[in-house]
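Here are my notes on this model, point by point. Please keep the structure open beside them.

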Amino acid sequence: MGRVGLPLALSFSSKGVKVFGVEKNKSTLKLLKEKRPPFYEAGLQEALEKSQGSIFFESYDSFSFEQCHIIIIAVGTPLNENFMPNMSSIEDVIKSICRTARNDSIVILRSTLVPGTTEKIIQPLIGRVGKSLHVAVCPERIVEGNAMKEIATLPEIVGADDQDTGNIVRELFLLLGESKKITITNTKTAEAAKIFNNVYRYVTFALANEFALVSEKIGIDAREAIELANRGYPRGPIPMPGPAAGPCLRKDGFFLPNMSNDSLTRLAWFLNESITVHIIETIEKAYDNICGKKIGVLGKTYKADVDDTRDSLAIKLIEELRIKKGAEVISYDPYTTNFSTLQEVLNSEILILAVNHSVFNKINEDMLKNVKFIYDVWGQLSHLDLSSHEIKYVALGKIETWSHKKSLMASF
Ligand SMILES: NC(=O)c1ccc[n+]([C@@H]2O[C@H](COP(=O)([O-])OP(=O)(O)OC[C@H]3O[C@@H](n4cnc5c(N)ncnc54)[C@H](O)[C@@H]3O)[C@@H](O)[C@H]2O)c1
């Protein structure tokens, strides 16, 4: 019942399917039984409230899968400390299902998998226990924040080793949206297609970040150049630069066998990961030594308008500033627990806008009276008129503006 499993379970239950939402984490389970979402996702609270009587939240420790015709697995598949995909949760769940599931039920793997996992690990595991379960892969491709809408519309890729299983899975997912495009292929191709989606996005974000670094070198505004490149142009669009990470994009490249020295995916990983160092080095050009300096950071999540801090480069940035540079960092994020208020963070001498949450659009010049230096990672504050403030303003991909209007005046 995580960020993938819960929205999916609620979507099925809203279509009249009897759903058991099985969860291992006791506090998550408690919240769900009280109809309280364990995390923020648009529309989730409403869906939970409406789901009365059609979804039953159950503890993994005591649940018997015997009563289910179809079992969907959506547990996490993170990397381990050696940057290897950690499939232990999936394997544990498969073993557990095998203990109680009836023969001929269908297991659908919704988690992101290394291409070949079903064939090389899951099927042999089920075979060793002597069960005859049908296995299909149907990878989740939603973005956090828009899950409830996308579940009903995104095309599904179903990997199945026999046509009958594929057809049943197709029928099941068609319940979520009549117009959904559903294609059946083999399991390895379905597993790979999901990874290709995420790696493609991730490499594209790295390219946007490379454009930002280039723009700083040649003295242009990357956002302006990208906006012009995209305007009315039918091939694209090029994304805007910014820290690219999160629990999916940051890890999924490591699910491919070619993270070798010369792989583009690996280069993209290094480039995206280096953005936090680049931000700090830019600040250090203005302040030789930031040890002991008070730095306010706005945003801690891995992207805008979500409450998920997993694999967040904003958190990495905060840690680098604190641990490696000795800065005194305070932070505020509207979606997480905070020890400082928004205004306290805005009162810092150095301010970094790390995550472009929509609510930060409300920040105005009067709130920035004590700030001397702004690093605006997303260019979100670029519209502010700081000409009467003694503020150095820098954005990722746009380095030259010192107290912008002033420097422009100087050049005339
Ligand atoms: N988060 C996303 O936006 C997203 C999008 C597409 C794909 N994915 C993939 O989907 C999978 C799940 O990701 P997530 O973000 O939902 O993870 P998550 O950590 O939010 O959810 C996993 C849930 O499974 C529970 N769990 C773990 N072991 C269990 C067990 N044995 N029995 C029952 N519950 C158990 C955890 O307590 C947690 O609630 C991953 O493979 C991820 O890569 C995630």
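1. **Terms for the packing.** Contact here means heavy atoms within 4.5 Å. Helices are DSSP runs of at least four residues, numbered from the N terminus. Keep in mind that this is a predicted model.

2. **Helix 11.** Which residues of helix 11 are buried? Helix 11 covers residues 264–273, and its buried residues are Thr265, Ala268, Trp269, Leu271, Asn272 and Glu273. An α-helix has 3.6 residues a turn, so residues three or four places apart point the same way.

3. **Arg3, position and burial.** Arg3 sits in the segment before helix 1, which spans 5–14. Is Arg3 buried or exposed? Buried means under 20% relative accessible area. Arg3 has 15% relative accessibility, so Arg3 counts as buried.

4. **Arg3, partners.** The side chain of Arg3 makes a polar contact with the side chain of Asp307, at 2.9 Å. The Arg3 side chain makes another with the side chain of Asp308, at 3.3 Å. Leaving aside residues up to four places away in sequence, Arg3 touches Phe39, Tyr40, Ile142, Glu144, Asp307, Asp308 and Arg310.

5. **The ligand.** There are 23 residues around the ligand. Of these, Val4, Glu23, Thr77, Thr112 and Lys251 come nearest. A ligand oxygen atom is 2.5 Å from an N or O atom in the side chain of Glu23. An oxygen atom of the ligand is 3.1 Å from a polar backbone atom of Arg3. A ligand nitrogen atom is 3.4 Å from a polar backbone atom of Lys24.

6. **Largest cavity.** How many cavities of 30 Å³ or more does a search of the whole structure find? The search finds two. The largest cavity holds about 100 Å³ of space. Its lining has 14 residues, and Pro243, Leu313, Ala314, Ala354 and Val355 lie nearest the centre. Helix 12 (275–286) and helix 13 (313–324) each supply at least two residues of this lining. Helix 13 gives the largest share, three residues. By type, the lining of the largest cavity has 11 nonpolar residues, two polar and one charged.

7. **Second largest cavity.** This cavity has a volume of about 40 Å³. Its lining consists of Arg110, Pro139, Glu140, Arg141, Ile142, Glu150, Ile151, Leu154, Pro155 and Glu156. The lining of the second largest cavity divides into five nonpolar residues, no polar and five charged.

8. **Second largest pocket.** About 230 Å³ of space lies in the second largest pocket. It is lined by 13 residues, and the closest to its centre are Glu216, His278, Thr282, Lys285 and Ile399. Helix 8, helix 12 and strand 12 (392–395) each give two or more residues to this lining. Which element gives the largest share of the lining of the second largest pocket? Helix 12 does, with five residues. The lining splits into six nonpolar, two polar and five charged residues. Helix 12 also contributes to the lining of the largest cavity.

9. **Backbone points to check.** The peptide bond from Gly236 to Pro237 is cis, with omega near 0 degrees. Pro237 lies in the loop between helix 9 (222–230) and helix 10. Lys35 has a positive phi, near 65 degrees, and is not a glycine. Lys35 belongs to the loop between helix 2 (26–33) and helix 3 (44–50). Lys35 is buried, at 16% relative accessible area. Asp305 also has a positive phi, near 60 degrees. The place of Asp305 is the loop between strand 8 (294–298) and helix 13. With a relative accessible area of 26%, Asp305 is partly exposed.

Terms used: Residues are numbered from 1 along each chain as its sequence is written. This is a predicted model: local features need pLDDT of at least 70, side-chain atom pairs count only at pLDDT 80 or more; totals for chains, interfaces and linings use all residues. Side-chain values use heavy atoms; hydrogens and water are left out. Buried means under 20% relative accessible area, exposed over 50%, partly exposed in between (1.4 Å probe, protein chains only). A polar contact is a pair of N or O atoms within 3.5 Å; within protein, one must be able to donate a hydrogen and the other to accept it, and residues adjacent in sequence count only if both atoms are side-chain atoms. On a 1 Å grid over the protein atoms alone, a cavity is a set of points where a 1.4 Å probe fits but cannot get out, and a pocket is an open set with protein on both sides within 12 Å along at least five of seven lines; lining residues have an atom within 4 Å of a point. Grid points are joined across faces, edges and corners, and a volume is the space filled by probe spheres set on the points. Ala, Val, Leu, Ile, Met, Phe, Trp, Tyr, Cys and Pro count as nonpolar, Asp, Glu, Lys and Arg as charged, and the others, Gly among them, as polar. A residue is near a molecule or strand if one of its heavy atoms lies within 4 Å of it.
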